[in-house]
Amino acid sequence: MEPGPCSRPAEPGHCVSGPAGAGSAFPESPLSVAGAEPGNRPGTVAAVLPAGGCGERMGVRTPKQFCRVLERPLISYTLQAMERVCWIKDIVVTVTGENMEAMRSIIQRYGHKRISLAEAGATRHRSIFNGLKALAEDQPDCKLTKPEVVIIHDAVRPFVEEDILLRVVLAAKEHGCSDFDLEFGTECLQLALKYCHRKAKLVEGPPALWKVTYKQDLCAAEAMIKEKISQEICVVMNTKDEESVGHLLEEALRKELNCMKITSTVMDHIGGDIRNFIEQCYSFICVNVVSPDSQETRKLLRILEESSLPLLYPVVVVLVHCFDFTSVPLAQKMESLVWIRGLAKEVKERNILLSGLLLNYSQDEQKLQESLGQSAAIIAALVKERNSALVGQLLVA
Ligand SMILES: Nc1ccn([C@@H]2O[C@H](COP(=O)(O)OP(=O)(O)OP(=O)(O)O)[C@@H](O)[C@H]2O)c(=O)n1
Ligand SMILES: O=P(O)(O)OC[C@@H](O)[C@@H](O)[C@@H](O)CO
């Protein structure tokens, strides 16, 4: 189900602006912010993610939390970031009634865990209040644990990291007091004082906590995600030989992408869950494995398809075929590799962006070096851009 647009309440109420990103809410009893445990353990923590806005400033029909970034709804990135923090026990997302079903399908499709839904309110504060009420409920069938601290985090701030969340939670537990913050902080802090009789502490967040507000912010979010997932490349070879063209290409890639992590593995070693040997890797360069009956290529693609990698981000796979361009006419070689197109179309359905690259494995050292350099530049572009228009293309270096 596609999320629907929404209209503003007739009286939007007071719109609060405040500190960037994660902040602590200090609800009235029965939720207490006073930390029972000393030290830097977070204790029992829950999070409320308000996601009931219309995204009026974004100027598109779909509320921004459901807008797609690299084919995945923005809110799914935020949920993923919160879920990674194992000490957050429950995550309550507040959504409007009309988008409840769409939210459920997002949770199911992307396998999000520890999420509960509550109905959003007409304003952000009302949405937050509803989320807090869900956590404070005293119903016997309520599966949520009553937390000591609740993190309030906008569903449209996808780049939140554990360290800032921990700092906020510890500040909520330990501090709870700063006249300076109340003087120079935001009206959120005043609200905490007025309604919960808590003097709140302002914790400075990193710049990455910015909020998606305008249309161009979606492009910025996409660029940040692309950069993050392009930090690691795995070069898959079909030989252990240190002198192999795979190792030469790995070297060329190191020169081209000097800040990236490049690992290599031999095709035989691939098996089981690809995550077991490579963390956070969404780019695979398979060298020399391209042949019409390439079982190895299919094996790698099958492992990728079965993993959760392409569910979360587009995975780039480049099949590099190395041969001496003077030995076989290029056109003839390309014809024999047309099958890559069909395969690419098939795996694109599963968010795997497959393309082929012909590398001139020339006897002439200068030509070989040129082709290696050109190959590295093409691979860098494929990895960084993740451009689906290049899927199934046979590129020549
Ligand atoms: N009634 C509302 C209004 C806002 N929010 C949420 O509060 C967060 C931050 O608010 P904001 O950026 O202002 O979102 P919108 O209200 O959607 O945007 P706009 O003001 O442009 O309409 C968003 O995750 C938004 O979904 C909410 O849960 N309930
Ligand atoms: O309307 P703005 O975009 O300025 O900010 C919305 C804020 O209320 C919201 O993002 C909170 O994080 C502030 O604490």
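1. Let's start with Tyr77, which is buried because its relative accessible area is 5% (buried means under 20% relative accessible area, exposed over 50%, partly exposed in between, with a 1.4 Å probe and protein chains only). Before going on, keep in mind that this is a predicted model, where local features need pLDDT of at least 70, side-chain atom pairs count only at pLDDT 80 or more, and totals for chains, interfaces and linings use all residues. Residues are numbered from 1 along each chain as its sequence is written, chains are lettered from A and ligands numbered from 1 in the order in which they are written, and side-chain values use heavy atoms, with hydrogens and water left out.

2. How many aromatic pairs does a search of the whole structure find? The search turns up four. Rings of Phe, Tyr and Trp (its six-membered ring) pair if their centres lie within 6.5 Å; planes under 30 degrees apart count as stacked, over 60 as edge-to-face and the rest as tilted. One of the pairs is Tyr77 with Tyr313: the ring centres are 6.0 Å apart and the planes stand at 45°, so this pair is tilted. The two partners come from distant parts of the chain, 236 residues apart, with Tyr77 in helix H1 (residues 74–83) and Tyr313 in the loop between helix H10 (309–312) and strand S11 (315–323). A word on those labels: helices (H or I, at least four residues) and strands (E, at least two) are DSSP runs, numbered from the N terminus.

3. Put together, ring pairs link Tyr77, Tyr282 and Tyr313 into a cluster.

4. Which ring does the charged end of Arg72 sit over, 5.1 Å from its centre? That ring belongs to Tyr313. The charged end of Arg72 also sits over the ring of Tyr110, 5.7 Å from its centre. The rule here is that NZ of Lys or CZ of Arg is within 6 Å of the ring centre and within 35 degrees of the ring normal.

5. On to the cysteines. A disulfide is taken as a pair of cysteine sulfur atoms within 2.5 Å, and by this rule the count is zero. Cys322 is in no disulfide, and the nearest cysteine sulfur, that of Cys286, is 11 Å away. Cys322 counts as buried because its relative accessibility is 8%. Cys54 is buried too, with a relative accessible area of 11%.

6. Two helix pairs are worth a look. Axes are lines fitted to C-alpha atoms, for helices over the stretch in contact, and angles run from 0 to 180 degrees between N-to-C directions. Angles under 35 degrees count as roughly parallel, over 145 as roughly antiparallel, 65 to 115 as roughly perpendicular and the rest as oblique. Helix H8 (residues 245–256) and helix H13 (residues 365–385) have axes that come within 9 Å and cross at roughly 60°, so H8 and H13 are oblique to each other. By contrast, helix H9 (residues 295–306) and helix H12 (residues 339–348) pack at about 10° with their axes 11 Å apart, so H9 and H12 are roughly parallel.

7. What about handedness? A crossing is left-handed if the near helix is turned anticlockwise from the far one by less than a right angle, and right-handed if clockwise. The crossing of H8 and H13 is right-handed, and the crossing of H9 and H12 is right-handed as well.

8. Leu70 is not a glycine, yet has a positive phi of about 50°; Leu70 sits in the loop between strand S3 (68–69) and strand S4 (72–73). Glu71, in the loop between S3 and S4, has a positive phi near 75° and is likewise a residue other than glycine. Is each of these residues buried or exposed? Leu70 is buried, with a relative accessible area of 12%, whereas Glu71 counts as exposed at 58%.
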